[in-house]
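Here are my notes on the charged pairs in this one. Have a look at the model first, then read on.

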Amino acid sequence: MDPDTVKSTLSNLAFGGVMAAAARDYQKEILAKEKAQTSAPVNEEIDLDELMDDPELEKLHADRIAALKKEVEKREALKRQGHGEYREINEGDFLGEVTRSEKVICHFYHKEFYRCKIMDKHLKALAPRHMDTKFIKLDAENAPFFVAKLGVKTLPCVVLFRKGVAMDRLVGFQDLGAKDDFSTKTLENLLIKKGFLSEKKEDEDDNEGEYREDTRRSVRSSVNIDSDSD
């Protein structure tokens, strides 16, 4: 056979093999795409139909709406009782305030004491974050009966009430590192540990800019720094 003919024949055979392989690959790719296009809409349609008619999903949705409504009603009821803010009360209102709520945090303070102002700042930041607990303060000078009755001798003094009964207290800053520059978070953690605040979830919507006070500041008082009352 002529060498040129042999070479041409071999070349044609090689080219034909390549084309056949390419054709098989192309056919596989077309089939895969058709299969994907065929199955995807069907699956989506089935999933959507199932979701639209799923009684369990409808029940979950209804339960969620009911839970949200109940939570809103609860918050409104607590607000009517004075929760959600840090309020000053007088001695005549004291018994009613501490007996109408399950958990009450009451700060006995003196308006001239710098450490009382520090405690005020932290309690004011915590009050709107913890609706379940009532936050109030009482001027110790104007409440001699309850100061004596509760044995309040050092200010600031934060008394923790549960259903009207004094269960615990924070005297000065002894439980807060004995320093004036403790953070709001430190106080919050202590009150959570004592069972008078509920631990907050990380994903809760809070005003972190106002609440976070982790940057500690040195305290400079315009009055005597050791002006706690004995």
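Predicted model: local features only at pLDDT ≥ 70, side-chain atom pairs only at ≥ 80, totals over all residues.

1. E97 is buried, at 9% relative accessible area; buried here means under 20%, exposed over 50%, and partly exposed in between, with a 1.4 Å probe and protein chains only. Numbering runs from 1 along each chain as its sequence is written, and side-chain values use heavy atoms, leaving out hydrogens and water.

2. E97 and R87 form a salt bridge, with the closest N and O atoms 2.9 Å apart (the term needs a side-chain nitrogen of Lys or Arg within 4 Å of a carboxyl oxygen of Asp or Glu). Because E97 sits in helix α3 (residues 94-99) and R87 in strand β1 (residues 86-89), the pair ties together parts 10 residues apart in sequence. Helices (H or I, at least four residues) and strands (E, at least two) are DSSP runs, numbered from the N terminus.

3. K134 joins in as well: R87, E97 and K134 are linked in a network of salt bridges. The structure holds 8 salt bridges.

4. Next, K137 and D120 meet in a salt bridge at 3.4 Å, N to O. K137 is in strand β3 (residues 133-139) and D120 in helix α4 (residues 114-126), so this pair ties together parts 17 residues apart in sequence. Both K137 and D120 are buried.

5. What about K194 and D168? Their closest N and O atoms are 2.8 Å apart, in a salt bridge. K194 counts as partly exposed at 27% relative accessibility, and D168 likewise at 30%.
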